[in-house]
Amino acid sequence: MKKQISKHEYQKMVDKKAPGSHIVRNLFAAFITGGAICSVGQIVMLVFKNFGADKETVASVTSIIMVFIGAFLTGINIYDEIGKFGGAGASIPITGFSNSIVSPAMEFKKEGYVMGVGAKMFLIAGPVLVYGIFSSVVAGLLYFIWKQVM
Amino acid sequence: MIDILKAFLLGGCICIIGQLLIDLTKITPARIMVIFVVSGVVLGIFGLYQPLIEWGGAGATVPLVGFGNTLAKGVIKEVDKVGLLGIFTGGVKAAAAGITAAVTFGYIMAIISKPKIKS
């Protein structure tokens, strides 16, 4: 008779098999991918610095270009492949932020341009903006109070 | 050239932290992105992220932590300039380029491109 394996035991076995070499591989891939994307950003920055743009302009233009690269590579179905290889290395740079906008928007196009593209664009970017902006307001309020007290 | 190498190292290390969180805790990538932006705001408000930007340039600004830092720095600047109103205007003002670019290019690319048929 075959030995019955409970769900719990099975999960334990999977967990035992899963880490180790997988984690090392994933970390390496994330490092390479994230590093490469940031290097592209640095090159863009250096180019615009050479044009004599001031610091803030360089920062803004760099994020615009990186966002464009991320959106473009997603549109031609390349960024998702980078994501499969690089994991967090592809999702944490700002190119991953624009990937998270284009990817669901493309997928849900069939649900229409308002509730499909328009709404689903923010499936992941929405939470990022909500928590980012909300925490900046909290931070601003705390800073304002601190300034009054000190 | 050395700047590019530094950006590579710092950006890579920040992404390793994210990957570690995903692999060890099974937090979804979407939550990691939220955590990174909020961490950026917290680091930014205390001025702790600026040294990383000085050292690693795009290695610090391109990851989402840098986006959070931009929000925090913007809010501080506007509070200094216009006071209470700056709490509401500073963050998005500083991050406007990135947000508007993401919405614009994201929308255009989603309209003109076709999703790959999943096999």
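In what order do the elements of chain A run from the N terminus on? They run α-α-α-α-α-α-α-α, and chain A has eight helices and zero strands. Helices (H or I, at least four residues) and strands (E, at least two) are DSSP runs, numbered from the N terminus.

This is a predicted model, in which local features need pLDDT of at least 70, side-chain atom pairs count only at pLDDT 80 or more, and totals for chains, interfaces and linings use all residues. Residues are numbered from 1 along each chain as its sequence is written, while chains are lettered from A and ligands numbered from 1 in the order in which they are written.

**Confidence**

The predictor assigns the complex an ipTM of 0.93 and a pTM of 0.89. For chain B the mean pLDDT (the predictor's confidence in each residue, from 0 to 100) is 94, and 97% of its residues reach 70 or more. Where pLDDT is low, the predicted coordinates should not be read in detail.

**The two chains**

Chain B comes to six helices and zero strands, running α-α-α-α-α-α from the N terminus on. Its C-alpha atoms fill a box of roughly 55 × 35 × 35 Å, taken along the principal axes.

The table gives the buried share of each chain. A residue is buried if 20 or more other C-beta atoms lie within 10 Å of its own, exposed if 12 or fewer, and partly exposed in between, with C-beta atoms placed from the backbone.

| Chain | Residues | Buried |
|---|---|---|
| Chain A | 150 residues | 43% |
| Chain B | 119 residues | 51% |

Two residues are in contact if their C-beta atoms, placed from the backbone, lie within 7 Å. Among contacts between residues at least 6 apart in sequence, 58% in chain A join residues at least 24 apart; for chain B, the corresponding share is 59%.

**Contact between the chains**

Chain A puts 64 residues into the contact and chain B puts in 60 residues. On the side of chain A that touches chain B, the elements giving two or more residues are α2 (21–50), α3 (55–75), α5 (88–91), α6 (94–107) and α8 (122–149). Of these, α2(A) gives the most, with 18 residues. By type, this side of chain A divides into 41 nonpolar, 21 polar and two charged residues. Here Ala, Val, Leu, Ile, Met, Phe, Trp, Tyr, Cys and Pro count as nonpolar, Asp, Glu, Lys and Arg as charged, and the others, Gly among them, as polar.

A:Gly35 lies in helix α2 of chain A. It counts as buried because it has 25 C-beta neighbours inside 10 Å. Leaving aside neighbours within four places in sequence, A:Gly35 is in contact with B:Phe8, B:Leu9, B:Gly11 and B:Gly12. A:Gly35 and A:Lys55 are 20 residues apart in sequence and 22 Å apart in space, C-alpha to C-alpha.

A nonpolar core is a set of buried Ala, Val, Leu, Ile, Met, Phe, Trp, Tyr and Cys residues joined through C-beta atoms within 7 Å. The largest one has 72 residues, and those with the most contacts inside it are A:Ala125, A:Val128, B:Met33, B:Val37, B:Leu64 and B:Val75. The element that gives the most to this core is α2(A), with nine residues. Neighbours within four places in sequence aside, A:Ala125 is in contact with A:Phe97, A:Ser100, A:Ile101 and B:Ala102.

Helix α6(A) is mostly covered, with 13 of its 14 residues buried. At 1.5 Å a residue, α6(A) should span 20 Å, which agrees with the 20 Å between its end C-alpha atoms; the expected span of a helix is 1.5 Å times one less than its number of residues.
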